[in-house]
Every structure is written in C-alpha cells, then in structure tokens.
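Here is a short briefing on one protein chain. Please keep the sequence and the model open while reading.

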Amino acid sequence: MKQSVGNSNLVSNEEEEAVRILKEKNLQHKNETSPKANPRVSFYTKYGKRFLDILIALPAFIILLPFNILFGICTFFDVGMPIFYRQTRVGKDGKTFTLIKFRNMNNKTDADGKLLPPTKRVTKFGKFMRKFSLDELLNFWSVLKGDMSIIGPRDRKSTRLNSSHLEQS
C-alpha cells in the first residue's frame, strides 16, 4: 500500500534529480540493513510525556498567540495568501499528520515552470522568521493535538509511506 504524502512539487529540477539518485542508491539498502526500532513502553512514555507536553504547550500557545497573529498578518503582507504552509509528516507508529508553519517563500518559477531553489524564493521577512525559528511557533498547536511531542525524535518528512518501511525525502 503506497500513499503519497508531503509537498513533492516544492523542489527545483536539480534538487529533484539529486533526491531521485540518492533514493535509488541508498534508501533500499538502508531499509534492509537497519534494525527495527522497538521503543520502550513505560508509564512515563504512555502518560507522563503527554502530560508534560500539555503542561508546557498550553501556556506557551496562549502566551504566543498574539505573536502568531502578528506573524500571520506580516506573512500575509509579505507573501499573500495562503499564509500557512502545510506539509504531511509521518509521526509515531507511521501515522500521518499535517504540520502547519507560516509561509516564508514565494512561488517564483523558472522557464520550465518548476519552482526556483528555496534560497531564491525566501523573502526578507522569511529569512528573519527562519533565523529565529518563528515560523515553527505554530507547532505548539500540533503538540496540543497530540500529533507531535516536545520531547522526542523529530517527525519525518516523507514522500512515500509503504506498509513495511518509511521512506524519507
């Protein structure tokens, strides 16, 4: 069972080709030789971690809400609509969720209609947002929903979800 996830149209021609070559050469081998991960299940991982996530994320989300509104307004005037960048990510147990960030790139394309490299599309306000990771402040909402955790491994950006392996882009 294959399911497409992610934003596969957000790469330039060169990046697309490099990713394709690297996937062909390395991904299958890595999936075959990597040991299966079996996370430890304990009271902390089952209940304590979620309690701490809510305890930290709820006040942070409330305190940062005025800033997020301000960043949303600035993003609107910088890149227009939509102000949010949505990307499907793979979380715990291979479950997918939608990660939401503030957009900080325009949609300029080359002569072939492919998007320009990210370095050429990031706006001045976007560079500021990225420098201080301000585009990530909306992640507290994902933590409250239970899609992400404050403590733990980073969620995977993925282009294909296979029933037996997770394939990263």
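The points below go from the overall fold to single residues.

This is a predicted model, in which local features need pLDDT of at least 70, side-chain atom pairs count only at pLDDT 80 or more, and totals for chains, interfaces and linings use all residues. Residues are numbered from 1 along each chain as its sequence is written, and side-chain values use heavy atoms, with hydrogens and water left out.

**Overall fold**

- The chain has 5 helices and 5 strands. Helices (H or I, at least four residues) and strands (E, at least two) are DSSP runs, numbered from the N terminus.
- Read from the N terminus, the order of elements is β-α-α-β-β-α-α-α-β-β.
- Of the 169 residues in the chain, 28% are buried. Buried means under 20% relative accessible area, exposed over 50%, and partly exposed in between (1.4 Å probe, protein chains only).
- Contacts between residues at least 6 apart in sequence join residues at least 24 apart in 63% of cases. A contact means heavy atoms within 4.5 Å.
- The chain exposes about 11,800 Å², and carbon and sulfur atoms supply 60% of it. Accessible areas come from the Shrake-Rupley method with a 1.4 Å probe; for residues, only the protein chains shown count as cover.

- Strand β2 (residues 84–90) and strand β3 (residues 96–102) pair in the antiparallel sense over 7 bridges. Two strands pair if DSSP finds at least two bridges between them.
- Phe-84 has Phe-102 in β3 as its bridge partner. Arg-86 has Ile-100 in β3.
- The two strands, β2 and β3, form a hairpin with 5 residues between them. Asp-93 in the turn has a positive phi of about 60 degrees.

**Aromatic pairs**

- The whole structure holds 7 aromatic pairs. Rings of Phe, Tyr and Trp (its six-membered ring) pair if their centres lie within 6.5 Å; planes under 30 degrees apart count as stacked, over 60 as edge-to-face and the rest as tilted.
- One of these pairs is Phe-71 with Phe-102: the ring centres are 6.4 Å apart and the planes stand at 80 degrees, so the pair is edge-to-face.
- This pair links distant parts of the chain, with Phe-71 in helix α2 and Phe-102 in strand β3, 31 residues apart.
- Both Phe-71 and Phe-102 are buried.
- Phe-71, Phe-84 and Phe-102 form one aromatic cluster. Phe-84 and Phe-102 are also the bridge partners named above.

**Salt bridges**

- The count comes to 2 salt bridges. The rule asks for a side-chain nitrogen of Lys or Arg within 4 Å of a carboxyl oxygen of Asp or Glu.
- Glu-136 forms a salt bridge with Lys-101; the closest N and O atoms are 2.9 Å apart. Glu-136 lies in the loop between α4 (124–131) and α5 (139–145) and Lys-101 in strand β3, so the pair ties together parts that are 35 residues apart in sequence.
- Glu-136 is partly exposed at 28% relative accessible area. Lys-101 counts as buried at 13%.
- Lys-145 and Asp-147 meet through their side chains in a salt bridge (3.3 Å, N to O).
- Lys-145 is partly exposed at 43%, and Asp-147 is partly exposed at 21%.

**Surface patch**

- Tyr-44, Phe-51, Leu-52, Leu-55, Ile-56, Ile-150 and Ile-151 make a nonpolar surface patch of about 620 Å². Patches are made of residues with over 30% relative accessible area and no salt bridge: like charges are joined within 9 Å, nonpolar side chains (Val, Leu, Ile, Met, Phe, Trp, Tyr) within 5 Å.
- Ile-56 lies in helix α2 (residues 43–79). Ile-56 is partly exposed, with a relative accessible area of 41%.

**Single residues to check**

- Ser-142 is found in helix α5. Ser-142 is buried at 3% relative accessible area.
- Leaving out residues up to four places away in sequence, Ser-142 touches Thr-98, Leu-99, Asp-147 and Met-148.
- The peptide bond from Met-81 to Pro-82 is cis, with omega near -10 degrees. Pro-82 sits in the loop between α2 and β2.
- Ser-133 is not a glycine, yet has a positive phi of about 55 degrees. Ser-133 lies in the loop between α4 and α5 and is partly exposed at 39%.
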